[in-house]
Amino acid sequence: MSLQAVTMLVLLFPAAGATLLAGRGWRMPRTVTKIVGPGVVWASFIATLVLLFNHTFNDFYYWTWIKSGSFELPFNLVVDNLSIFMCLVITGVGGLIVTYSVGYMAHEDDPSYARFFTYMDVFIFSMLLLVLAGNFVFLIVGWALVGLSSYFLIGFWYHRPSAVLAARKAFVMNVIGDVGMILGAFVLFVGYHSLTYAGVFNSLTTLTQDSGMLELAAFLLLVGAVAKSAQIPLHTWLPDAMEGPTPVSALIHAATMVTAGVYLVGRMHPIYDVAVYAHGAVAIIGAVTALFAATIALVQTDIKRVLAYSTMSQIGYMFLAVGIGAYTAGFFHLLSHAFFKALLFMAAGNVIHAMHDEQDMRKYGGLWGQLRPTSITFLLGSLSLVGVIPLVGFFSKEQILGAAFSRGDTLAYSVWAVGLVTALLTGFYTGRMWWLAFCGKPSPERPVEHPHEAPPVMLIPVVILAILATIGGFIQTRALGFGPHLIDDFLAPANDYTAVGRQMWEEAAGAVVIGLATMALGGLLFLAAYRVYVTHAWRPWTGRLPWAQRLLERKYYFDEAYNAAFVRPLDRVADLGFRDVETEVLDGAVVGTGELAEAGAGYGSFTQTGYFRNYVLVFVASAVILAIVLLLRAA
Amino acid sequence: MGTFDVGGSQLDTSWFLLLGAILFAMGTAGVLVRRNPLIILICIELMLNAVNLTLIAFSRQLENLEGQLFALMTMTVAAAEAVVGLAILVDIFRVRDVEDVDDLSELRG
């Protein structure tokens with residue numbers, strides 16, 4: 001089988017699974033759903049491995065999608081190291097999470113169970129299309145489809161009003177991004193008369209650059225990236241998206257979909273390398289979001305919301321990395337974040353499962369002894385998030401900070417400083433989450449006295465991810481200044497300057513020392529949270545700064561500001577339109593037409609007396625008049 | 001031409017036309033003023049035959065057979081009309097007692 005066909009298979013497996021489950025899923029035995037749902041994702045994973053081991057590097061052309069005059073748009077898929085990397089994350093981590101869902105969703109009835117796996121497979125298909133697409137049109141199609149499947153899955157429990165509202169919010173926010181992407185693609189098309197990556201990027205290297213236009217295109221694409229990756233200012237949908245089932249949060253809102261923005265900037269790096277202002281904006285948005293989300297995570301009490309803000313914060317790191325040009329560091333963090341954040345979400349899912357859907361972590365406490373495997377994996381995930389050596393989070397995060405520190409200009413130093421502060425905050429809020437949920441005495445409000453550990457189908461994927469999060473970092477230990485650097489070699493080979501984009505500067509000698517110091521401080525803050533939240537030896541900082549606590553609990557009033565700035569004015573406009581335009585003008589016109597016809601018919605019906613003689617009279621009189629007229633005209 | 005030979009004396013075409021017109025006017029007046037459905041049907045027959053007379057008179061005058069052809073056609077239509085009209089009347093009489101056509105005014109708007 002040709003590699004071209006294998007590439008197609010990567011896409012077709014989840015598509016076929018989704019089609020089968022959508023059409024027949026609820027009528028087939030549940031076992032079929034259990035096998036097909038995760039099975040197709042693993043099949044895709046194997047197909048991706050085939051591509052990986054064959055060193056596939058090609059722009060596969062399948063057929064012409066649109067042909068109009070001199071314009072031609074092919075359906076083509078780009079298989080290079082970047083898309084293989086992304087496909088491995090999507091199908092590998094995705095396969096683990098979908099397998100985990102087999103246990104997590106077990107309480108659903110058969111139709112809902114099949115529906116869930118249909119949506120999951122649709123999502124995997126869309127995400128693979130997004131990363132494999134070889135032109136802007138199919139990029140946007142995949143981009144919109146992941147937004148759609150995210151909408152489906154956030155609103156999976158559609159009988160909950162809060163879930164429906166959250167789904168709608170996510171969809172609207174994502175559509176803002178989609179519009180940005182489409183406009184960006186238009187700008188590039190106007191400039192280069194091509195919509196394929198190859199066409200646009202080749203023109204970039206040969207034509208004289210119109211950097212104004214490229215800046216515009218880059219900023220518009222950035223709008224899409226920001227919306228999809230929940231960065232400021234289009235971030236408010238992600239915390240609400242936690243209304244979805246926990247595997248959804250793990251897969252879509254932590255490991256894969258929300259990192260699409262990072263992929264986009266990496267894929268579009270020839271544009272961002274020219275559009276320096278837009279490129280700088282990526283770094284600034286990432287740094288600001290990283291800090292901003294980490295501060296909010298300090299006061300959240302819902303365990304999934306803490307993880308959601310932590311996700312925003314970590315994606316901020318990735319934006320920061322690709323924004324300063326350290327692409328491979330950003331993608332390494334994408335991989336490591338997929339490991340440890342999916343792990344944290346699924347371990348949290350186990351806890352929520354055991355706690356009968358209670359998500360307030362102040363009502364947990366003392367789970368360490370009772371849910372030992374989940375606790376150990378959660379601790380590994382937490383330490384990886386904090387960035388403790390030798391877990392994967394340390395290597396990826398410190399590589400980003402080291403790259404920023406070493407580049408040595410004002411922008412890089414600024415985002416490095418912000419990233420450093422964020423790393424310390426991360427230590428503290430992760431510690432707070434860990435100690436509150438798992439240590440100390442069981443909370444008196446805890447819903448379950450003796451919780452049960454999750455079944456093996458939910459535990460094994462978590463354990464696999466925990467192993468990956470523990471030893472995965474050793475594939476690239478640049479943060480220590482020596483050792484392997486497989487990710488860098490894979491994504492940006494030394495002899496290939498057209499790949500994902502190479503880091504153009506050497507690491508500074510001090511970066512390693514500072515990285516280790518950051519880790520030490522973050523770790524100390526992790527431990528400090530123990531004295532604050534478990535032994536209560538230290539008063540929590542919130543007592544001293546009540547206004548800051550209120551500010552953070554209200555999430556910097558972003559929702560309120562958006563409500564005041566957009567939602568309520570639009571409501572008023574809609575109200576006005578309804579009251580004055582719809583009911584008065586439009587209804588008036590419609591009802592008026594009916595009333596006019598009715599009145600006309602009322603008057604007209606007076607002529608219909610029903611008397612035979614009247615009709616005859618009219619008939620005869622008309623004939624006479626007609627005869628007279630004809631005679632007069634003839635005369 | 002323009003004259004008819006009737007028993008040795010010549011008669012002008014206009015007399016036949018005049019007779020047709022008088023018969024037609026009588027039929028029309030009957031349809032307009034009489035209320036008995038049967039009479040109205042008879043009056044309609046009268047109108048049709050007045051027209052036949054006119055057609056034949058012109059046919060004779062112009063030495064053109066089309067007029068006679070039309071007359072034959074009219075008779076066919078008249079027969080059909082009489083059949084349908086009488087059938088409707090018989091049906092109405094069966095259901096209820098109708099004295100004049102003004103009783104049949106259900107189609108009033």
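A residue is buried if 20 or more other C-beta atoms lie within 10 Å of its own. Keep that cut-off at hand. The model is predicted.

**Exercise 1.** Find how many residues of α23(A) are buried, and locate the kink in this helix.

*Solution.* Step 1: helix α23 of chain A covers residues 558-604. Step 2: apply the cut-off to its 47 residues; the number buried is zero. Step 3: α23(A) therefore lies largely in the open. Step 4: follow the axis; a kink of about 45 degrees is centred on E582(A).

**Exercise 2.** Decide how α14(A) and α15(A) are oriented to each other.

*Solution.* Step 1: take helix α14 (residues 303-324) and helix α15 (residues 327-354), both of chain A. Step 2: their axes lie 8 Å apart, at an angle of about 175 degrees. Step 3: angles over 145 degrees count as roughly antiparallel. Step 4: the two helices are therefore roughly antiparallel. Step 5: look at who touches; α14(A) brings residues including L307(A) and M318(A), and α15(A) residues including L334(A) and F345(A). Step 6: sort the contact by class; it has twelve nonpolar, five polar and two charged residues.

**Exercise 3.** Identify the residues that touch the most other members of the largest nonpolar core.

*Solution.* Step 1: this core has 204 residues. Step 2: L128(A), L320(A), A342(A) and L343(A) touch the most other members. Step 3: α15(A) gives the core its largest share, 19 residues. Step 4: inspect L128(A); leaving aside neighbours within four places in sequence, its contacts include V10(A), L11(A) and I90(A).

**Exercise 4.** State how many residues each chain gives to the contact between A and B.

*Solution.* Step 1: chain B gives eleven residues, and chain A gives eleven. Step 2: chain B's side divides into five nonpolar, three polar and three charged residues.

Terms used
Residues are numbered from 1 along each chain as its sequence is written. Chains are lettered from A and ligands numbered from 1 in the order in which they are written. This is a predicted model: local features need pLDDT of at least 70, side-chain atom pairs count only at pLDDT 80 or more; totals for chains, interfaces and linings use all residues. Two residues are in contact if their C-beta atoms, placed from the backbone, lie within 7 Å. Ala, Val, Leu, Ile, Met, Phe, Trp, Tyr, Cys and Pro count as nonpolar, Asp, Glu, Lys and Arg as charged, and the others, Gly among them, as polar. Axes are lines fitted to C-alpha atoms, for helices over the stretch in contact, and angles run from 0 to 180 degrees between N-to-C directions. Helices (H or I, at least four residues) and strands (E, at least two) are DSSP runs, numbered from the N terminus. Angles under 35 degrees count as roughly parallel, over 145 as roughly antiparallel, 65 to 115 as roughly perpendicular and the rest as oblique. The bend at a residue is the angle between axes fitted to the seven residues ending there and the seven starting there. A residue is buried if 20 or more other C-beta atoms lie within 10 Å of its own, exposed if 12 or fewer, and partly exposed in between; C-beta atoms are placed from the backbone. A nonpolar core is a set of buried Ala, Val, Leu, Ile, Met, Phe, Trp, Tyr and Cys residues joined through C-beta atoms within 7 Å.
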